[in-house]
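Student: I would like to learn how to read features of a structure, one at a time. Please give the general idea and then the case at hand.

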Amino acid sequence: MGLIGGLSRRIATRSRWLAERLWFIAVAEVAWTSWSHWRRLEPEERDRLVHLARKSRGRPSKHLTAAERREAEELLDKLGHIELAGSIARTVLPFRPLSSTTEWYLQRRHRKSERRRVETQPDPDSAEDPVEPKVPAGAR
């Protein structure tokens, strides 16, 4: 075996060793990113988010009340779940345009749901004050 053959074999062996262990690096990076996002929440908020996630059993529209869904959405927004998903996509997906497209799609979908939620909520400023019925003076 010549100089070129020995060198290429050594590079191939090293590349194989690295490729077999890259999954560990990716998992560690995802865990580190997730932990930094998780730390954005206070301990009580983390406990509440875990409780709501368990209670929803993956179907929040079926197992959570409207108030609980709003609370979960607020906690997820504080967590930065769209940014977290984009960070994980950048780590896991090897092709940069694919990960950027994934993050863009998730942000677009989140903005659409935010607009829909705002449109369906009644505006507290435009709500009329309830008028008390006038009771005749003699009836009191």
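Student: In which helix is Arg 109 found?

Tutor: Helices are DSSP runs of H or I with at least four residues (strands are runs of E with at least two), numbered from the N terminus. Arg 109 is in helix H6, residues 96-120. The model is predicted, so local features need pLDDT of at least 70 and side-chain atom pairs count only at pLDDT 80 or more, while totals for chains, interfaces and linings use all residues. Residues are numbered from 1 along each chain as its sequence is written, and side-chain values use heavy atoms, with hydrogens and water left out.

Student: Is Arg 109 buried or exposed?

Tutor: Buried means under 20% relative accessible area, exposed means over 50%, and partly exposed lies in between, with a 1.4 Å probe and protein chains only. Arg 109 is exposed because its relative accessible area is 53%. The C-alpha atoms of Arg 109 and Ile 82 are separated by 9.7 Å, and the two residues are 27 apart along the chain.

Student: Which residues of H5 are buried?

Tutor: In H5 the buried residues are Ile 82, Leu 84, Gly 86, Ser 87, Ala 89 and Thr 91. The expected span of a helix is 1.5 Å times one less than its number of residues. H5 covers residues 81-92, twelve residues, and its first and last C-alpha atoms are 16 Å apart, close to the expected 16 Å.

Student: How many salt bridges does the structure hold?

Tutor: A salt bridge is a side-chain nitrogen of Lys or Arg within 4 Å of a carboxyl oxygen of Asp or Glu. The structure holds four. One of them joins the side chains of Glu 83 and Arg 40 at 3.3 Å, N to O. Glu 83 lies in helix H5 and Arg 40 in the loop between helix H1 (3-38) and H2, so the pair ties together parts 43 residues apart in sequence. Glu 83 counts as partly exposed because its relative accessibility is 39%.

Student: Which side chain does Lys 55 pair with in a salt bridge?

Tutor: Lys 55 pairs with Glu 68, and the closest N and O atoms are 2.6 Å apart. Lys 55 is in helix H2 and Glu 68 in helix H4, so this pair links parts 13 residues apart in sequence. Lys 55 is partly exposed, at 35% relative accessible area, whereas Glu 68 is buried, at 11%.

Student: What is the nearest side chain of opposite charge to Arg 46?

Tutor: Lys and Arg count as positive and Asp and Glu as negative; His and the chain ends are not counted. For Arg 46, which is buried and has no salt bridge, the nearest side chain of opposite charge is Glu 42, 6.3 Å away. Arg 46 is found in helix H2, residues 43-56. A polar atom of the Arg 46 side chain lies 2.9 Å from the backbone oxygen of Leu 41.

Student: Which residues make up the largest nonpolar core?

Tutor: A nonpolar core is a set of buried Ala, Val, Leu, Ile, Met, Phe, Trp, Tyr and Cys residues joined through side-chain atoms within 4.5 Å. The largest one has seven residues: Leu 41, Leu 49, Leu 52, Leu 64, Ala 72, Leu 75 and Leu 79. H2 and helix H4 (66-79) each supply at least two residues of this core, and H4 gives the most, with three.

Terms used: Polar contact = N/O pair within 3.5 Å; in protein donor to acceptor, adjacent residues only side chain to side chain.
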